[in-house]
Amino acid sequence: MQSLTSKVLTTVAAVAALGMIAVSAQAEDAYMVPKGTPSYIAHAVESPDRTPEQKARDADRKPAEILTMSGIKPGNKVIEFASFGQYYTTMLSDILGPNGSVDMFDLPYTEKRAGEASRAFVAKHANAHYHLVNYNDVTLPQGADEVFMVLYYHDLSLNDIDTAKLDKKIFDALKPGGVFLVVDHNARPGSGREDTKKLHRIDPEVIKKEVTAAGFTLAEESHILAHPEDPHTQMIFTPGVRGKTDRTVFKFVKPAN
């Protein structure tokens, strides 16, 4: 018969093993800013101004890589669509500093869940400005260096936004050489917007076709957020799928001439 001491030691060993597994899992999910990342981007990603909830999403969103790809620099003028939650806004504000600015544009329906928090963010960050407006009627600040639209291009059609007109407004708002960065959830290849309403996904070819039609050049198409195991058939908010969708990152540039 197993002695009490032996049972205790066995239990302690089991608990320790579970603890090691948990630590190992946390380490596997931990996000590390890549070496060579510009210091102002690394500082923004690691900033204590960011919430634990925001940082918990970093492993799946790779913000340092995305921000580096955008070419953002301190002092730049940035426009951000769908800023609610301030995941990217917090880092953008930190990077841009006192000589830069980020103009946040959200659709009116987001007021109920995010308006108060967005205004509170602006109150604490002098270089941030918040606009609640229908994108069909929006007037964008001119001379922008970058425009960010992360995981929201697919939502434009769901909210009856004329994407051709909005893409042209974005083009006109950017300086020559300015960047329009788009990230979105991939739908089945060739499906267009067929699954957008049901799954909140979009065929990346639609984004590419529409944005380049506005005059942009595709400078880079990255699969850094790719998930080849994603069958593209499930709603993006499905438990186990959320945060693990197959995504494409586009860097569009307004020609310098």
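Strand E6 and strand E7 (residues 247-253) run antiparallel and are joined by five bridges, and within this pairing Glu221 stands opposite Phe250 of E7. Helix H11 (residues 204-213) packs on the sheet here, where it touches strand E5 (174-185) as well as E6 and E7, and its direction makes about 10° with that of E7. The model described here is a predicted one.

**The sheet**

E6 and E7 belong to an open sheet of seven strands, whose order is E3-E2-E1-E4-E5-E7-E6 and whose pairing is mixed. The edges are formed by strand E3 (128-132) and strand E6 (217-222), each of which pairs on one side only. Neighbouring strands of this sheet are turned by 15° against each other on average, when direction is ignored.

Elsewhere in the sheet, E1 and E2 run parallel and are joined by five bridges, with Phe81 having Phe105 of E2 as its bridge partner. Strand E1 (residues 77-81) is largely enclosed by the rest of the structure, because four of its five residues are buried. Helix H7 (residues 111-124) lies across strand E2 (101-106) and E3, and runs at about 155° to E3.

**The chain as a whole**

The protein chain contains eleven helices and seven strands, and buried residues make up 47% of its 257 residues. Of the contacts in the chain with a separation of 6 or more, 73% are accounted for by residues 24 or more positions apart. The accessible surface of the chain comes to about 12900 Å², and 58% of that area belongs to carbon and sulfur atoms.

**Helix H6**

Helix H6 (residues 87-96) is mostly covered, with nine of its ten residues buried.

**Rings and charges**

Ten aromatic pairs are counted in the model. In one of them, Phe180 and Phe252 form a tilted pair, at 6.3 Å centre to centre and with 40° between the planes. Phe180 lies in strand E5 and Phe252 in strand E7, so the pair ties together parts that are 72 residues apart in sequence. Both Phe180 and Phe252 are buried. One aromatic cluster is formed by Phe171, Phe180, Phe216, Phe250 and Phe252, and Phe250 is also the residue that stands opposite Glu221.

| Charged residue | Ring | Distance from ring centre |
|---|---|---|
| Arg113 | Phe84 | 4.7 Å |

**Loops with positive phi**

Most residues other than glycine have a negative phi. Asp160 has a positive phi, near 60°, although it is a residue other than glycine, and its place is in the loop between helix H8 (153-158) and helix H9 (163-173). His200 likewise has a positive phi, of about 60°, without being a glycine, and its place is in the loop between helix H10 (196-199) and H11.

The surroundings of these two residues can be set side by side. Asp160 has a relative accessible area of 64%, which is over 50%, and therefore counts as exposed. His200 has a relative accessible area of 17%, which is under 20%, and therefore counts as buried.

**Ser157 in helix H8**

Ser157 has its place in helix H8, and with 27% relative accessibility it counts as partly exposed. Leaving aside its neighbours within four places in sequence, Ser157 is in contact with Arg193 and Thr196. Although Ser157 and Arg193 are 36 residues apart along the chain, their C-alpha atoms are separated by 8.7 Å.

Note on methods: Residues numbered from 1 in each chain as written. Predicted model: local features only at pLDDT ≥ 70, side-chain atom pairs only at ≥ 80, totals over all residues. Heavy atoms only, no water. Helix = DSSP H or I, 4+ residues; strand = E, 2+ residues; numbered from the N terminus. Buried < 20%, exposed > 50% of the residue type's maximum accessible area, 1.4 Å probe, protein only. Contact = heavy atoms within 4.5 Å. Areas by Shrake-Rupley, 256 points an atom, 1.4 Å probe, with all protein chains shown as cover. Pairing = 2+ DSSP bridges. Axes fitted to C-alpha atoms, helices over the stretch in contact; angles between N-to-C directions. Phe/Tyr/Trp six-rings, centres within 6.5 Å; stacked < 30°, edge-to-face > 60°. Lys NZ or Arg CZ within 6 Å of the ring centre and 35° of its normal.
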